[in-house]
Amino acid sequence: MRTEWGEAARRFAPALLGLLLGVLALWPALGPGFVLRYDMVFVPDPPLVPPGQGFPRAVPSDLVVALLSRVVPAEAVQKAVLLGIFVLAASGAAALVPSRRLGPRLVAAAFYAWNAYLAQRLLLGQWALLLGVAGLPWAVRAAALGGRLRLAAALIPAAVGGFQAMLVSAVAVLATAATAPAPAPAPGLGARVRRTGEAALIMGGLSLPWLVPALLSGATTDPAGVDAFAARADGPFGVAGSLLGLGGVWNAHATVPGQGSWWSAGVRLALAAVAIWGFVRLRGTRDGSRAGGVPYWTGLAVAAGAGLGVACLGAFAPGLLKALVGWWPGFGTIRDGQLHLAPFALLQAVGLASAADRWASRPAAAPRAVVAVTVAVAVAVPVLVLPTFALGAFGRLTAVPYPQEWRRVQEIVNGDPAPGALLSLPWGAHRAFRWNGGRVVLDPATKLFGRRVIWNDELLVGLPDGGRIRVAAEDPLAAKVGAVLRPGAPEPGPAGAGDRAGALLRLGVRYVLTRPGDNTFQDALTVFEGSELRLVRLSNPD
Amino acid sequence: MIRVLAALAVGAVLAVGASAAVMNVAAPTPEPPNRPLYNYGDK
């Protein structure tokens, strides 16, 4: 009995460690309310709506959240998703470690669930991407072991996450499927080709929910996004040093506080060197038969190298990337190159575990205390290197309740059976509400309503010199509405705002959600007015 | 024993560094500027 309990504890220890790290990182985010930061927008009672006309970035993640919110409150769904990322990431990384010792597996678990990449992407609110990142080790494992059902199941988190989540999984899965030793009954090139083809088909099938709307959207990609989203130096070692330390996210506000210090950046670089050394020593023979070799070694190495290359592309060869984006908008998916570091993070996690395994296993008959102390330090290292990721990165991830007027507006609009879109003003994508601690977040109106919401999906990225890069809107309808709203636009005639309302009506707008002080639509019917929101309904003059 | 001491030394150095990092960022962050529209982020 004791052995069974011990075995169960060993098996679930990485997941438990992931949960503990998740609680530590998300502590202020686990209170009542929603965490709202950059791309992370959860709303109460999210409606079931088809994707808008821009690029389907939140497909099918928003739909899955809306469905789950029919069963449990949306805020509970958000907390479960965020904690689940940590649990899935930690347990998956541990499952890739070839050692049977618990210590090295915990090292991999701790590192993959607590690193600069995951922290920065979380601070950018990209929970859907992180679903794919968390599921990546499971997907790599499934690709190496073979089995269609196993791979499909392992890719479910990426499928839920949508296009970015699937992108970070695709290269690693395909490379692993193509290079891992084929199972004994059918070894050889043919089996690998078939397995790679099957993996591509499975990923293609799971990508259909966002792939079809993407192809039908008519969305374009502004090459200016290459400059806006290129990796940047977030420490003293330049862009390359930042990327090697798994940092380098484009947004200066998405960095973990203090991560740019010499101490943090230096230790992370040293850790990366140790991890790469540890991964190299895992290399087996081509057929994976040598002791210590792992079947996913080549696949993960290729994916990590490719990810690092893509991350460098925007920073060191932006002209090439712009040309690619100009040639085919699909290349816009690699403009945010640092995003593709996920396989490199996984490589480092496995490599660090390998290094810890070697450290703790020599001499062979090392006392248990030696192993325990070594492992305890190794497990704590990721947290000690990036301690300020704790407590929601010191308040940067905090749950807040929506003010009641947001719920009231949602009830009014969603209770109206008449068709027509809602236009959200002011004409910009991001907000910083006082009730949200001034944290910048994508306009929650984009997710609140069971009808088409028109919002300005043009992105503004500030530059150190005070200038701004404008990344053009992708939604064609948003571009038309933007033209109507533009000061001095030809549409408003002598009647001014009345003509503007008419133009919006012709574009299918029924509601305008704006600020109380905005008198642009003073002739329209005000349906609701609070301290922060004013809802007006446009109607045809009869 | 050397390995234990080395591990403890590494852990101690990292703990001191971590403590310093936490102390540095524990100060309250400044209020954001009061503007209705915000950048997606800054480089």
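**Entry 1: a starting point.** I began at Leu423(A), which stands opposite Ile454(A) in S6(A). Before going further, I noted that this is a predicted model: local features need pLDDT of at least 70, side-chain atom pairs count only at pLDDT 80 or more, and totals for chains, interfaces and linings use all residues. For finding my way, residues are numbered from 1 along each chain as its sequence is written, while chains are lettered from A and ligands numbered from 1 in the order in which they are written.

**Entry 2: the strands around Leu423(A).** Which strands does S3(A) pair with? I found that S3(A), residues 421-424, and S6(A), residues 453-454, pair in the parallel sense over 2 bridges. S3(A) is also joined to S9(A), residues 509-514, by 4 bridges, and these two strands run parallel. There, Leu423(A) has Val512(A) as its bridge partner. My note on terms: strands (E, at least two residues) and helices (H or I, at least four) are DSSP runs numbered from the N terminus, and two strands pair if DSSP finds at least two bridges between them.

**Entry 3: the two faces of S3(A).** I looked up which way the side chains go. Ala421(A) and Leu423(A) point one way from S3(A), Leu422(A) and Ser424(A) point the other way, and all are buried. Buried here asks for 20 or more other C-beta atoms within 10 Å of a residue's own, exposed for 12 or fewer, with partly exposed in between; C-beta atoms are placed from the backbone. In a regular strand the side chains alternate between the two faces of the sheet.

**Entry 4: chain A as a whole.** I listed 22 helices and 11 strands for chain A. Of its 542 residues, 53% count as buried. How does its radius of gyration fit a compact globule? For 542 residues such a globule would come near 24 Å, and chain A has 25 Å, which agrees. This radius is taken over C-alpha atoms, and the globule rule is 2.2 Å times the number of residues to the power 0.38. Along the principal axes, the C-alpha atoms of chain A fill a box of roughly 90 × 50 × 45 Å.

**Entry 5: two domains.** Chain A is divided into domain 1 (2-30 + 73-217 + 224-230 + 239-395) and domain 2 (402-537), with bounds from an automatic or database domain assignment. Their C-alpha centres lie 38 Å apart. I found 4 residues of domain 1 in contact with 6 residues of domain 2, where contact puts C-beta atoms, placed from the backbone, within 7 Å.

**Entry 6: where chain B comes in.** How many residues of chain B are in contact with chain A? I read off 25 residues of chain B, in contact with 39 residues of chain A. Helix H1 (2-25) and strand S1 (41-42) of chain B each supply at least two residues of that side of chain B, and the largest share, 14 residues, comes from H1(B).

Entry 7: I ended with an open sheet of 3 strands, in the order S8(A)-S7(A)-S1(B), with mixed pairing. Its edge strands are S8(A), residues 468-471, and S1(B), each pairing on one side only. S7(A) and S8(A) pair in the antiparallel sense over 4 bridges, and Val461(A) has Ile469(A) as its bridge partner in S8(A). S7(A), residues 459-462, and S1(B) run parallel, joined by 2 bridges. There, I noted Asp42(B) as the bridge partner of Gly462(A).

Key. Contact = placed C-beta atoms within 7 Å.
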